[in-house]
Structures are given as C-alpha cells and as structure tokens.
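Okay, everyone, thanks for coming.

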Amino acid sequence: MEENMSVKCSGMPAGKKMVAFTAAIDTCGAHGPFNTETTVTYNNVITNIGEAYNQFTGIFVAPVAGIYYFTFFYHAGGEHASRLSLYKNGNLMVESSDHKTNADGADNGGNAVLLQLNKGDQVYVRLAANYHIWATSAITTFSGFLVSPM
C-alpha cells in the first residue's frame with residue numbers, strides 16, 4: 001500500500017466513499033408519449049450504494065466530488081419515435097434516439113458518459129416530448145458509479 005493509506009475490510013481505502021446505482025423503469029408497458037419533456041423516474045432500484053439515486057424524482061445527486069460514469073439504455077416499439085437525453089445540472093450531456101418506422105417491431109438504444117461532478121451536482125435522464133420508451137421487465141435502465149473521488 002502507498003504511504004499513509006489504510007484499507008477498510010471492504011478493500012476500499014479508508015475515507016473513500018463508494019457510490020454506485022442501477023435502476024430500471026417498470027410501469028408495465030409503454031411510457032409516453034407525453035406533451036412535454038419529462039424526467040424519467042426509474043422506479044425499480046436494483047442497486048443504490050451510497051443512496052445517491054432518488055427513485056421518486058429520477059435524479060442522482062453526487063454525494064462527493066469526483067469522476068462518475070453513467071449509462072442509460074432503452075427499449076422501444078419501432079412504430080414510435082424514441083429519444084432519451086442525459087443532463088447534468090440542466091445541461092445536455094449525451095442523448096440517444098431512434099426514428100419512427102414501420103419496418104421493424106422494436107428498437108434499442110443507449111449512451112454512456114464520464115462526467116466530472118462537484119458535490120451536489122444533479123444527473124438525470126429526460127424523455128423528449130412526444131416520444132416513448134418501453135417500461136417493463138427491467139429493459140430500460142439508468143446506472144452510474146463513482147470512478148474516482150477528487
């Protein structure tokens with residue numbers, strides 16, 4: 001070990017916070033379309049180490065400053081357009097979309113991003129107005145974890 005670095009029984013350096021979550025949206029079928037852009041509330045929490053993800057608001061709040069990795073994936077019916085966007089403090093970071101088509105029955109999409117966050121920064125996924133996603137069987141998910149504290 002490096003000088004002055006003790007390790008807890010968990011294998012994490014003492015004083016380091018572990019943060020990781022995965023949540024799925026499970027509302028039994030199509031989610032959307034809605035008249036306005038909406039924050040997706042991934043209500044089926046699979047993992048929430050550090051309790052930084054809120055299943056009622058759909059918002060992750062960084063408990064410590066650091067580099068975080070986020071992913072989101074979705075499944076949607078091909079007969080409707082789909083668009084999900086990941087935001088940090090109200091600013092668009094990455095998105096994924098698919099156009100409406102009658103040529104296939106379903107579509108899948110997603111994206112990932114590394115973000116530098118300060119304590120209290122908010123990260124969330126929004127569904128664009130007049131778009132939809134599929135919200136059952138843990139097929140549409142949002143995940144993130146702390147890569148390195150700063």
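Predicted model: local features only at pLDDT ≥ 70, side-chain atom pairs only at ≥ 80, totals over all residues.

Let me start with what I mean by pairing: two strands pair if DSSP finds at least two bridges between them. Strands themselves, labelled E, are DSSP runs of at least two residues, helices (H or I) need at least four, and both are numbered from the N terminus. Residues are numbered from 1 along each chain as its sequence is written, and side-chain values use heavy atoms, with hydrogens and water left out.

So, what is the secondary structure of the chain? It comes to zero helices and 13 strands. Of the 150 residues, 39% are buried, where buried means under 20% relative accessible area, exposed means over 50%, and partly exposed is in between, using a 1.4 Å probe and protein chains only. The accessible surface is about 7,900 Å², with 51% of that belonging to carbon and sulfur atoms; that's Shrake-Rupley with a 1.4 Å probe, and for residues only the protein chains shown count as cover.

Contacts next, meaning heavy atoms within 4.5 Å. Take the contacts between residues at least 6 apart in sequence: 71% of them join residues at least 24 apart.

On to the sheet. What is the strand order in the open sheet of five? It goes E4-E1-E13-E7-E10, with antiparallel pairing. The edges are E4 (44-49) and E10 (106-117), each pairing on one side only. Neighbouring strands in this sheet are turned by 10° against each other on average, direction ignored; the axes there are lines fitted to C-alpha atoms (for helices, over the stretch in contact), and angles run from 0 to 180 degrees between N-to-C directions. As a reminder, strands of a sheet pair through backbone hydrogen bonds, either parallel or antiparallel.

Let's go across it. E1 (residues 20-24) and E4 run antiparallel, joined by five bridges, and Ala 23 sits opposite Val 45 of E4. E1 is also joined to E13 by five bridges, again antiparallel, with Phe 21 facing Gly 144 in E13. Then E13 and E7 (residues 66-77) pair antiparallel over eight bridges. Tyr 68 has Leu 146 of E13 as its bridge partner, and Tyr 69 has Phe 145. Finally, E7 and E10 pair in the antiparallel sense over twelve bridges, with Phe 72 opposite Asn 111 in E10.

Why is E7 described as largely enclosed by the rest of the structure? Because nine of its twelve residues are buried.

A few single residues now. Thr 141 lies in E13, which covers residues 141-149. Thr 141 counts as buried because its relative accessibility is 15%. Not counting residues up to four places away in sequence, Thr 141 touches Ala 23, Ala 24, Tyr 42, Thr 71, Phe 72 and Phe 73.

His 31 is in E2 (residues 30-31), and at 15% relative accessibility His 31 also counts as buried. Its contacts beyond four places in sequence include Ile 25, Leu 127 and Tyr 131.

Gln 55 is in a loop, between E5 (53-54) and E6 (59-61). Is Gln 55 buried or partly exposed? Partly exposed, because its relative accessibility is 31%.

Last topic: salt bridges, where a side-chain nitrogen of Lys or Arg is within 4 Å of a carboxyl oxygen of Asp or Glu. How many does a search of the whole structure find? Two. One is Glu 37 with Arg 126, at 3.2 Å, N to O. That pair links distant parts of the chain, 89 residues apart: Glu 37 is in the loop between E2 and E3 (38-39), and Arg 126 is in E11 (residues 122-127).

Arg 83 and Glu 95 make a salt bridge too, with their closest N and O atoms 3.9 Å apart. Arg 83 lies in E8 (residues 82-88) and Glu 95 in E9 (residues 91-98), so the pair ties together parts twelve residues apart in sequence. Arg 83 is partly exposed at 25% relative accessibility, and Glu 95 is partly exposed at 36%.
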